[in-house]
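Subject: Structure handover

Hello,

Please find below the structure I said I would pass on. My notes on it follow.

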Amino acid sequence: MQPGDAVLYAVLADIHGNLQALSAVLDDVERTGADKVLCVGDIVGYGAHPKQCLDAMRELSSVTVAGNHDWGAVDKVDIDYFNADARDSIEWTREQLGPDERQYLQGLNLVETLGDLALVHSSFFAPEYFDYIQTVYDVQLNFRHLQMPVGFVGHSHVPAMFATDRPSECFLQEELQLSDGTRAIINVGSVGQPRDLDPRASYALYDVEAHKVTMRRVEYDVQAAFQEILNAGLPTTNAHRLLIGR
Ligand code: ZN
C-alpha cells in the first residue's frame with residue numbers, strides 16, 4: 001500500500017510525554033480500525049515519559065512533523081521564548097533523551113504532505129514561527145498557504161475545524177462532513193495536555209473517501225500521569241492542569 005492510499009487516518013498531536021494518555025489513544029485508534037497514524041508534533045515536553053512516547057510514535061506513526069517542544073529539546077528552537085514551566089520541562093526532557101532520540105527529533109521536518117493531506121504543528125503561513133491559528137484572519141491566511149485539500153495542525157491544544165465553504169466559522173462538533181471541493185484546516189487537539197476544559201485526550205480521524213473528519217475524546221488514567229509528573233520533579237503546574245484540561 002502506498003502512503004497516500006490509506007482510507008482512514010488517525011492524526012495525533014501534542015502528546016507531550018504523557019504515556020498514559022498516548023496508550024489510551026492508541027488503544028482507541030486500534031478499535032477504530034484506522035489504517036495509518038500521523039503526528040503533527042510535540043511528542044515531548046511537560047510529561048514524565050518523553051522517551052517512551054518517542055519510542056511508541058517512531059514505531060507507529062507513518063509521518064511525523066516537528067513541534068516547538070520537539071525542536072526545543074534538541075536546541076533547534078530558542079527556548080528562551082517558552083514560559084518558565086515549559087522551559088524547565090524541556091531542560092528536564094533533554095536529560096532523558098539519548099543520542100538516538102536527539103537525532104530523530106533533529107531530523108523531523110516542519111511540514112510534510114501525504115496524499116491529499118498537509119501536516120504542520122503550528123501554521124501553514126510560517127511554520128518556523130510557531131504561531132497559532134486563532135482568528136478569522138489567521139484562518140484565511142493559512143488557507144492561502146495551504147496547498148492541499150486538508151491540512152492538519154496542533155499546537156493550541158484546542159480542537160477546532162475550519163472549512164473554506166464557511167470561512168468565518170469555527171466548527172467544534174464531533175463530526176465534520178466536508179462537501180466536494182471544500183478545503184479544511186483541522187486542529188486535532190492534544191493527546192497529552194488538552195486545554196479546552198475537557199481533560200480527556202483528543203485526536204482526529206480522517207476518512208479520505210467519505211471526506212469526513214471525526215474528533216475523538218478518550219478517557220485515560222489522569223491520576224497516574226499527574227503523580228508521575230510530580231515524582232519526576234517536573235513543574236507541578238504540568239500535573240495540575242491535566243486534572244481540569246487546561
Ligand atoms: Zn504542544
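The zinc site comes first. Four residues coordinate the zinc ion: Asp 14 (OD), His 16 (NE2), Asp 42 (OD) and His 157 (NE2), at 2.0 to 2.6 Å. Please keep in mind that this is a predicted model. The angles subtended by the four donor atoms run from 88 to 177°, which makes the arrangement around the zinc ion irregular. Four donors would count as tetrahedral only if all angles were between 85 and 135 degrees. Along the sequence, the donor residues follow the spacing D-x1-H-x25-D-x114-H. Asp 14 sits in the loop between β1 (8-12) and α1 (19-32), and Asp 42 in the loop between β2 (36-39) and α2 (50-60), so this pair ties together parts that are 28 residues apart in sequence.

Are these two aspartates, Asp 14 and Asp 42, buried or exposed? Asp 14 has 0% relative accessibility and therefore counts as buried. Asp 42, at 1%, counts as buried too. The cut-off for buried is under 20% relative accessible area.

On the chain as a whole, the protein has eight helices and eleven strands. Its C-alpha atoms fill a box of roughly 50 × 35 × 35 Å along the principal axes. The radius of gyration is 17 Å; this agrees with the value near 18 Å that a compact globule of 246 residues would have. Of the 246 residues, 57% count as buried. The accessible surface of the protein chain is about 10500 Å², and carbon and sulfur atoms account for 46% of it. Among contacts with a separation of 6 or more, 71% are between residues 24 or more positions apart.

Next, the packing. The largest nonpolar core has 49 residues, and Leu 12 and Leu 22 are the ones with the most contacts inside it. Helix α1 gives the most to this core, with six residues. Which residues does Leu 12 contact, leaving aside neighbours within four places in sequence? They include Leu 22, Val 25, Leu 26 and Val 29, along with Val 37, Leu 38, Cys 39 and Val 40. Met 57, Val 188, Val 191 and Tyr 203 are also among the contacts of Leu 12. Another core, of 25 residues, lies apart from the largest one, and its members include Val 11, Phe 171, Leu 176 and Met 215.

Val 218 is in strand β11 (residues 212-218). With 5% relative accessibility, Val 218 counts as buried. Not counting residues up to four places away in sequence, Val 218 touches Ala 24, Val 25, Asp 28, Arg 200, Ala 201 and Tyr 203. Of these, Ala 201 is 17 residues from Val 218 along the chain, with 5.0 Å between the C-alpha atoms.

Ala 163 belongs to strand β7 (residues 160-163). Its relative accessibility is 3%, so Ala 163 counts as buried. Beyond its neighbours within four places in sequence, Ala 163 is in contact with Phe 143, Phe 171, Leu 178, Thr 182, Arg 183 and Ala 184. Ala 163 and Ile 186 are 23 residues apart in sequence, and their C-alpha atoms are 8.6 Å apart in space.

Regards

Terms used:
Residues numbered from 1 in each chain as written. Predicted model: local features only at pLDDT ≥ 70, side-chain atom pairs only at ≥ 80, totals over all residues. Heavy atoms only, no water. Donors = N, O, S within 2.8 Å, 3.2 Å for Na, K, Ca; no water. Tetrahedral: all angles 85-135°; square planar, octahedral: opposite > 155°, others 65-115°. Helix = DSSP H or I, 4+ residues; strand = E, 2+ residues; numbered from the N terminus. Buried < 20%, exposed > 50% of the residue type's maximum accessible area, 1.4 Å probe, protein only. Core = buried A, V, L, I, M, F, W, Y, C linked by side-chain atoms within 4.5 Å. Contact = heavy atoms within 4.5 Å. Rg over C-alpha atoms; globule rule 2.2 N^0.38 Å. Areas by Shrake-Rupley, 256 points an atom, 1.4 Å probe, with all protein chains shown as cover.
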